[in-house]
Each structure stands twice: as C-alpha cells, then as structure tokens.
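Keep the structure open while you read. The walk starts at a single residue and then widens out.

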Amino acid sequence: MLEIKNLHVSAGGQEILRGIDLVVKAGEVHAIMGPNGSGKSTLSYILAGRPGYEITQGSVLYFGEDLTAMPPEARAAKGIFLGFQYPVEIPGVATMTFLKHAINAQRKSRGEDELDAMGVMKLVQREAGKLKISADMLKRPVNAGFSGGEKKRCEILQMAVLQPLLAVLDETDSGLDVDALRLVGDGVTGLRAPDRAMIVITHYQRLLDHIVPDFVHVLAKGKITRSGGKELALELDREGYGEVVNG
Amino acid sequence: MVKWSMAETATLEHSLLSEIKAQEAGLASVSPRLRAMRQNAMKLFSETGFPTRKDEAWRWTDLSLLREQPHRVTVPAADFQKLEGAFADIDAWRLIFVNGVLQGEASDLPPGLCAQSLRAALQDDAVIADRLRDSAGAPFLALNTALLNDGAYICVAADTQLSKPLHLVFFNTGNAQIRNLVVLEPRANLMLFESHYGPTGAEYFVNNASDVQLGEGARLAHYRDQAESQNALHFHFLNARLDAHTVYDGFTLTRGARLSRSEAHVEIAGSDALCGLNGVSMLNGSQIADTTCVMNHRAPGSRSNQMFRSVLDGKSQGIFQGLIRVAKPAQRTDATQQIKAMLLSPHAVQNSKPELEIFADDVKCAHGASVGQLDEAALFYLRARGIAEAQARALLIGAFLDDAVSQIQGSDALDAGQIQLNIRDTINTWLAQKLVIENV
C-alpha cells in the first residue's frame, strides 16, 4: 500500500527527515515512536501533503503511484487520512456542514453519488454515538471551543465517517485523560480492517495498550533507528529513548 | 450593449459645475424653501468642488479621477431591464427608478404607507423640504441637493405594521443625483431593501443620499445591495436620526463600482435606541470601496453595533473610517465597532481608522480593527479532508463574512433567516466566480 524509500525532507532550509524507509501493507498497524523533534509530525504532514516541506531525495509510493505529486484533497479522496495532533479550529463552519462537505467532496472525486443532508446526518450520528459526541457538538463550529479530548474524539469521528484506507494518527493520545484515551483507543481499534492500514505516531506506550501494533519503529534525528514487534514499545517505555536512540 | 457619447473630454467635476450653472435659472419655478436650500447647496459645491486627500475625511480615498480625468457617460438608455441582485426574489412592494427617475407609480400599497417620487412630493407639499438635511460640510450631499433629480419619498404612518417589505430598485445607466426621504412616524415598522445596479461595463456616476427619520418607538430594517457596474462611480450618504426607543437595523453589501463610498451619519437623539450598522464588502480588480460611519450618541441608554467584514482580492483597496462619538448626556451608552478585513492577494490594501470620542463617563465602548489573511492551517485541514482548494477557500471566506451577515435582525415582514440566505447566496456566487477566474 505505502512504500517510502530513502526519504529526505527539509523545511525552512533545515533537514528534518534524513533517509526514511518504510513499507506498510493493507491490514497492518505500524507505530512510530520517538522523542520530540525527531521528525514524527513531519512524516505525517508529508503523507497528507501539507505545503511548506521540500522533498530533497527519495520517493513515496501509494498503491504504486507517486504520492508527492498529489494535492492534499486528491490524497484524501484516495483514502489517506491524517488525524491531526492539533486539530485546527474553524470558526463559522458548523461541524456537521464540514463533514457533509468532506464526505461529498471525497465521494464526488471517486465518481460516487453525493449523500443528501439526511444521508450524511444518519452516517455521522451512528458513529458519533459510539464516540459519545453529542448532537450539540456537531452543530458547533469545527473544533472551536472544544476541549482537547473533544477535538481528538472529533478526529476519530471524521476517520470513522470517511473510512480511509491509510490512516495516519499523529499523537492522537496527547491531551487525553484515561477515559478519553480508552474511548479513542476503542474507536480506532474498531476501525481496524483487512483492507485498512494505520500509522500511529506516539510518544508513549499507553496508547498502544488500546491499539495493538503489528510493528513498532523508532524515529530519531530524522531516521528510523530500530524496528520490531509490539514488545519494542514496552522496552522503550521501560528504558526510555536514550538507549535506543544512541544505541 | 453600451453606447458611448461622442468625444466627451470634460472632467466629471467640470460637467457637474456646468450643470449647476444651467439649472440655477430653472430654480425660479420651485418652492421658496427648496429654492433656498438648493441655491445654498449650489453655492457650497461650486466653491469647494470634490474634496481632496488633504481633507482628513478623504485622506485614503483619492477623487482625482473625478476632478482630473475626462468623464465618459453611457447614453442613458432609459429602459429598465430586469430585477437582479440579492433581493430580486423577495416578495415586496417595489418602486423602480432608472437613473433616479421613478418608472410609474407603485400599485396596491396598503393604508399607512406612502411611497412615491420625492420630486412629486416636494411639489405637493413644500414643507417636506425642511426634512432634508442641510449640506454644510458634506460636498457630495451638497451636490446631491444642488442637482436633485428624484428619488423616493417614503412615509409610514404612526402604529403601522407592514406585512411585507418595500424594495427600492435603482437601475442606473447614466449620471444621477438620487435623494430618498424615509420618515417613520412613532411606532411604525418598515423593512426597506435597496438595490443599486447597472448594465455590465456601463460608466456612470451615481450620487445617492438618504434622509431617514425614525419617530419614537419606530423600527426600520434597511438592507442595501450595491452591485453597480464595475466601471461606475457610486456614492451613498445616509443621514439617520433616531428618536427614543427606536430600532435601526442596517446592512450594506458592497460588491460593485470601480470607486464607491458608503457614508453613514447616525444621530441617536432619543434614549434607549438600538442601532446596527453592519456590512460586507467583496472587492477585486482595482475596485476602491470606502465605508465611513459616524455614530453620534446624544441621548442616554442607547446601544449601537457596527460589524464590518471585507475580503479584498487583486489590487483592490478598502477603506474604513468609523467614529463613535458619545456626548456628555449619553450616559449608559453601549457602543461597539468591529472591523475585520481579509486580504486575498499581496497587492490588495485595507486602511482602517476606528475612532472614539467620549465625553460621558458611564459608557461601554469597544472597538477593534484588524487586517489578516486566509488561515493556511485551516485551509490545509479542510483539504486534508478531501475538500478541494477552491471550495475550501470559499468555505473559509464565507464563514469569515458571516460574522457580519448574521447580524441581520429581520422583522415580522420577513425573517432574518431568509434575508441572510439571500445574501449568503450572493456571496457564494461571487466567491465561485472569483475562484473560476483563478483556475482559468
């Protein structure tokens, strides 16, 4: 599904990623862990297509296509979803309106019929219930005045209604208390599917108690320094990044 | 089809001064009151001409175009074409003006509502002239009074509640000095729409002035759509006087004209009045639009609210000048003014000057002006969810402008939701056109 080869990325003249290799297949969950400033968020932005980054070397193929040539909206329509570390507040645009635009923009770009207001409402409400998102929240502007936990739950709601093939979740656990973490973890786990892959970016092992990964990679100073199974996350949690990064 | 008059080389100012001279003699036939007023206005404008940028009130709006460049006028093709703009589909009583001249009388007006040609009303009742504002210190108002073509005279009798709105349609193809007088007697209630537009590409100069007087407890909802031809010059001078317990709910959508100025002077003369002066401007190309507001609080316990949002593309220029003046007797005044402009191009310019002059001690005044750009983080967020860039931009700009659109209060004659919907549709059409052009 996703094949990253020798990826080098710079932003503002500074090299952030220095040769990443990563292969993700359908149905797999990959966790990417690492200290602050290691390039985790940059990797997520490169996959989603955020402007402002320069790819100086290497390639990113998604189902064999060059991902880097596509605008963000084309990537979304082809099934790439980024769960933002800091979901952006959009005053004046109601959450439900935003979801309707997003769902239908993606459907249209795939040549599918658009859903009417009722169809969108049904789809959204079904998933919102599971994440304990109230009808009132859906009427409010996107993320505006939402608590940290509400924002992250809303990200998972978007993922649930948009049904991506490759979900990149950037520190979805940050700012969550234990209950919210369980809600989000269960939400994400419920979305695991044989045709869907996930890249879960996190600092801590605790999210991985809820979303059990198939592979764990350590990203440090712009490179993947170690890869392993889920036990690697436990090791990192016990011993810290110091050993792994330097070793 | 637009036809141009032959070899017109005089400047606008020059041709207006000649017109004033030519009309002076004809004043003998009008009533002494009106004659004195117009003679005075002729003298005022002839002495000063159009203001220059040395005049503080005009420091950002350059009128050299009117003073120095040859002025072309489309041959007045005096045929009304069709209803257009944000209010075209609203069920209303309508008065249609072509170059300021009323086309036929309004039919089926209900009792309590008088809506007719101002010129005719002045002939019937000379006293009406006393209700027109004196034009000292206001060159465009002086010009309007000096050459006064026609316009609407609207009067709503005391305690009259109208079941539907009144719509003034100003279709322009040539120069016009349009004057409206709107009088609401105590506790009268009116919703008034104004549409200003002309044929695509037509060049003309329209100078509007409206005198609005609200008697105690009266309520006026006043919504304007300025969609003049992209080559037109549009000026509008609103002079409103609010007595006690009145409500004035004003909204202006500015999107037309090459150069425009919408100037409002509100005098809150009675206590516990409520005044909203809100608007949206959407500019592109080399359009220049000036919004100038003077809110005079002279009586206690009143509230005023000004919320303006503008988007500027291309090399357009926006100007906002807003003064809130609170006189000593106007204790417990609550006045706000919030101006935000969004620049969509590096060549667009916004100049804002919010001002407060407060002489009372127990007041609440808040004002703020900001100029910004589209939020790139928000744009990426929407695009990452699959919303195409053009649509994402339109969504964000629409939401930004909606702060002002949502101020519209509506009334029993028509609810706010319907009016806001009409205005949003117009905004969305503008945004869609703009984005189509960008993608070519």
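Begin with B:Gln161. Leaving aside neighbours within four places in sequence, B:Gln161 is in contact with B:Asn189 and B:Asp412. This is a predicted model. B:Gln161 is found in a loop of chain B, between strand E4 (152-156) and strand E5 (166-171). B:Leu113 is 48 residues away from B:Gln161 along the chain, and their C-alpha atoms are separated by 9.4 Å.

The loop between E4 and E5 of chain B also holds B:Asp159. Its phi is positive, near 65°, and the residue is not a glycine. B:Asp159 has 13 C-beta neighbours inside 10 Å, so it counts as partly exposed.

Now step back to chain B as a whole. Its secondary structure comes to eight helices and 21 strands. Of its 440 residues, 51% are buried. The C-alpha atoms fill a box of roughly 70 × 60 × 45 Å along the principal axes.

Next, the meeting of the two chains. Here 20 residues of chain A are in contact with 16 residues of chain B. On the chain A side, the elements giving two or more residues are helix H2 (72-77), strand E7 (90-94) and helix H3 (95-109). H3(A) provides the largest share, five residues. By class, this side of chain A has 13 nonpolar, five polar and two charged residues.

The order is E6-E9-E10-E3-E11-E12, with mixed pairing. Strand E6 (80-83) and strand E12 (223-228) of chain A are the edges, and each pairs on one side only. Neighbouring strands in this sheet are turned by 20° against each other on average, direction ignored. A:Leu219 stands opposite A:Ile224 in E12(A).

A helix lies over this part of the sheet. H9(A) lies across strand E3 (29-33), E11 and E12 of chain A, and runs at about 45° to E11(A). Which residues of helix H9 (residues 230-239) of chain A are buried? They are A:Leu232, A:Ala233 and A:Leu236. These cover an arc of only 105° around the axis, so they sit on the same side of H9(A). The face turned away from that buried side carries the exposed residues A:Glu231, A:Arg238 and A:Glu239. Just after H9(A), A:Gly240 takes a positive phi of about 80°.

One more backbone detail belongs to chain A. A:Asn143 has a positive phi of about 60°, although it is not a glycine. A:Asn143 lies in the loop between strand E8 (141-142) and helix H6 (148-162) of chain A. A:Asn143 counts as buried, because it has 22 C-beta neighbours inside 10 Å.

Conventions: Residues are numbered from 1 along each chain as its sequence is written. Chains are lettered from A and ligands numbered from 1 in the order in which they are written. This is a predicted model: local features need pLDDT of at least 70, side-chain atom pairs count only at pLDDT 80 or more; totals for chains, interfaces and linings use all residues. Helices (H or I, at least four residues) and strands (E, at least two) are DSSP runs, numbered from the N terminus. A residue is buried if 20 or more other C-beta atoms lie within 10 Å of its own, exposed if 12 or fewer, and partly exposed in between; C-beta atoms are placed from the backbone. Two residues are in contact if their C-beta atoms, placed from the backbone, lie within 7 Å. Ala, Val, Leu, Ile, Met, Phe, Trp, Tyr, Cys and Pro count as nonpolar, Asp, Glu, Lys and Arg as charged, and the others, Gly among them, as polar. The arc is that of the directions from the helix axis to the C-beta atoms. Two strands pair if DSSP finds at least two bridges between them. Axes are lines fitted to C-alpha atoms, for helices over the stretch in contact, and angles run from 0 to 180 degrees between N-to-C directions.
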